[in-house]
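Reader: Could you walk me through some labels used for this model, and what stands behind each one?
Author: Gladly, let's look at it together.
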Amino acid sequence: MTKKATSHGKTRGTKIPAEQMDLPVTFDPTGGLVTLRQFMAPQHGPVLSLTSLSPEKRAELTVKRIEAQPTFEVAMVGGGVVDKARAIEEVKAQTDIGRVLTEIEQRLIQNLLEEATHN
């Protein structure tokens, strides 16, 4: 039995948190954002692999994911508490903190995509 997202944003039989379903995970070939829900849909079209994204596109994807979340806050050693507004600024400027946030999101996305394709 294939495990898919339900219409209420819940996932059955996966470890994917429901709140991740409507966050972008990559781009389509035309540059449009693709959410995890769209990626998991049986009829989803081609998408760009994370490894093919330029550093600028990775940063853009990270900003879009942060913007789409109702709240965002992370505590970083050496960076203090980073709230949503600061996170967006740091990622856009591709500072050291911004690059770390981008790397964290890329790893999270990779894990989500692996979970989605194995269910």
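Author: Let's begin with accessibility: buried means under 20% relative accessible area, exposed over 50%, and partly exposed in between (1.4 Å probe, protein chains only). The model is predicted, so local features need pLDDT of at least 70 and side-chain atom pairs pLDDT 80 or more, while totals for chains, interfaces and linings use all residues. Residues are numbered from 1 along each chain as its sequence is written, and side-chain values use heavy atoms, leaving out hydrogens and water.

Reader: Why is Arg 107 called exposed?
Author: Its relative accessible area is 55%, and the cut-off is over 50%, so Arg 107 counts as exposed.

Reader: What makes Glu 103 and Arg 107 a salt bridge?
Author: The term asks for a side-chain nitrogen of Lys or Arg within 4 Å of a carboxyl oxygen of Asp or Glu. Here the N to O value is 2.9 Å, so the pair qualifies. Glu 103 and Arg 107 are four residues apart in helix 4, about one helical turn.

Reader: And why is Glu 103 called partly exposed?
Author: Glu 103 has 35% relative accessibility, which falls between the two cut-offs.

Reader: How do you know that Arg 37 forms a salt bridge with Asp 22?
Author: Their closest N and O atoms are 2.8 Å apart, so they meet the 4 Å criterion. Arg 37 lies in helix 1 (residues 36–40) and Asp 22 in the segment before strand 1 (24–27), so the pair ties together parts 15 residues apart in sequence. Helices (H or I, at least four residues) and strands (E, at least two) are DSSP runs, numbered from the N terminus.
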